[in-house]
Amino acid sequence: MQSRTVVGLDTGRSAIKVVAYAEGARFSIMYPTLAVPAVELTDPTTAERAKSETEIVDGKAYFTGDTARLQGNLTSSIGLNDDWTDTPEYQALVKSAFTRLHKAGVPNLDSAYVVIGTPSKLYGTRQERLVEKTKLALPKGVEIKALPQPMGAYCDYVLDKSGMPIKDKLIGPSGRTKSYGVIEGGHFSTDFLLMKEGQYIERGADSCSGMSAAAEQLRRVLAKRNLTASLVECEEAFRTKTLFQFGEEIPIANEVLEAQSHVVQEIISKGNSLFADDARSLNGILIAGGSADAIHAITSQTWKHSILMENSRWSVAEGFARYGLGQLIRASISAIQQVAANG
Ligand SMILES: Nc1ncnc2c1ncn2[C@@H]1O[C@H](COP(=O)(O)OP(=O)(O)OP(=O)(O)O)[C@@H](O)[C@H]1O
Ligand SMILES: [Mg+2]
């Protein structure tokens, strides 16, 4: 089959998720969305490790990922605004994706097909600019396609690991193409998408708060109990339901629930207004992204056809990669047809 490498690149505001398919093998890489100007490191072992996570942008060196986290003295993630893809830090993080894929042994990166995403709300206005900006960071021979982020989750659901449509998920018993809503809950934003009978519906695409808002809320809730926590600790508590203080583990499950419920309520009312009349006629509402568990726990009470995506945090990157594989298959089929027609 085709030997072109495909890369699904999900540049989330908390972590970059990368899924690649090359010569039949799958690769996946995740690293924190952190980049800081690099400094000279004196310890040779640390310096060696840092080197593989350092990128040069416009002649300036940046640490990325864990090296940025450890060396940079950062207390929160970067890029909590819509313009962050215009920054040199974005360039450094995209470059780093390819450096890391290369290190993992992914072949043919110089001519890869790369699929990237924008928040739903910005797809119409931003996709061209994002493609241009991303191009600057990648090898010349790379082809880039931008999709709305939740489209990745949709592709992850309806396409198989070779990029081919899964018939049962796409076509209903009546022969009509199935319809889905997607809610993709991330760190900075939660993104919505409506696919009716296989068509992207413009009015169903929008975004609202992500879970970083719940972390801020949790910090306020804890402060009322005289507990101090950083935003990073608050996010950790979403998973652990405890807060570590002075050698003691304090259970805070109720506080976590309270803080998250504000954001989840916002997500539900957004979903209600976007999917409103369509919700009943949808075959499923796919819940994806890092905060999918928390969203699904509540939406499943109202929408019985809520579907929690497997490996929900990887859904967008995985679906982007599958979309890429599908495009290559389609291109090679039409090339074969053309040769056959001409010959
Ligand atoms: N159990 C949980 N409940 C709720 N939220 C969670 C849970 N575990 C992780 N999260 C949240 O998921 C988010 C990370 O998800 P994800 O990686 O999908 O976001 P992102 O892609 O980096 O952000 P964005 O898409 O907004 O740019 C974090 O905000 C984290 O707090
Ligand atoms: Mg995301």
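The model is predicted: local features need pLDDT of at least 70, side-chain atom pairs count only at pLDDT 80 or more, and totals for chains, interfaces and linings use all residues. Residues are numbered from 1 along each chain as its sequence is written, and side-chain values use heavy atoms, with hydrogens and water left out.

**Domains**

- The chain splits into domain 1 (6-166 + 311-342) and domain 2 (191-308), with bounds from an automatic or database domain assignment.
- Between the C-alpha centres of domain 1 and domain 2 the distance is 25 Å.
- Contact (heavy atoms within 4.5 Å) involves 15 residues of domain 1 and 16 residues of domain 2.
- The two domains bury about 1400 Å² between them, 70% of it on carbon and sulfur atoms; buried area is the accessible area (1.4 Å probe) that two parts lose on being put together, summed over both.
- Ser120, Tyr154 and Ser312 supply 32% of the area that domain 1 buries against domain 2, more than any other three residues.
- Zero salt bridges are counted between domain 1 and domain 2.

**Helix 5 and helix 11**

- Helices (H or I, at least four residues) and strands (E, at least two) are DSSP runs, numbered from the N terminus.
- The axes of helix 5 (residues 149-158) and helix 11 (residues 315-342) come within 7 Å and cross at roughly 70°; axes are lines fitted to C-alpha atoms, for helices over the stretch in contact, and angles run from 0 to 180 degrees between N-to-C directions.
- Helix 5 is therefore roughly perpendicular to helix 11, a label for angles of 65 to 115 degrees.
- Residues in this contact include Gln149 and Asp156 in helix 5 and Glu318 and Tyr323 in helix 11.
- By class, the contact of helix 5 with helix 11 has five nonpolar, four polar and three charged residues, where Ala, Val, Leu, Ile, Met, Phe, Trp, Tyr, Cys and Pro count as nonpolar, Asp, Glu, Lys and Arg as charged, and the others, Gly among them, as polar.

**Helix 7 and helix 8**

- The axes of helix 7 (residues 212-224) and helix 8 (residues 231-240) come within 9 Å, crossing at roughly 100°.
- Helix 7 and helix 8 are thus roughly perpendicular to each other.
- Their contact comprises eight nonpolar, one polar and three charged residues.

**Salt bridges**

- The count comes to 16 salt bridges, each a side-chain nitrogen of Lys or Arg within 4 Å of a carboxyl oxygen of Asp or Glu.
- Glutamate 318 forms a salt bridge with arginine 26, with the closest N and O atoms 2.7 Å apart.
- Glutamate 318 lies in helix 11 and arginine 26 in strand 3 (residues 25-32), so the pair ties together parts 292 residues apart in sequence.

Conventions: Chains lettered and ligands numbered in written order. Parallel < 35°, antiparallel > 145°, perpendicular 65-115°, else oblique.
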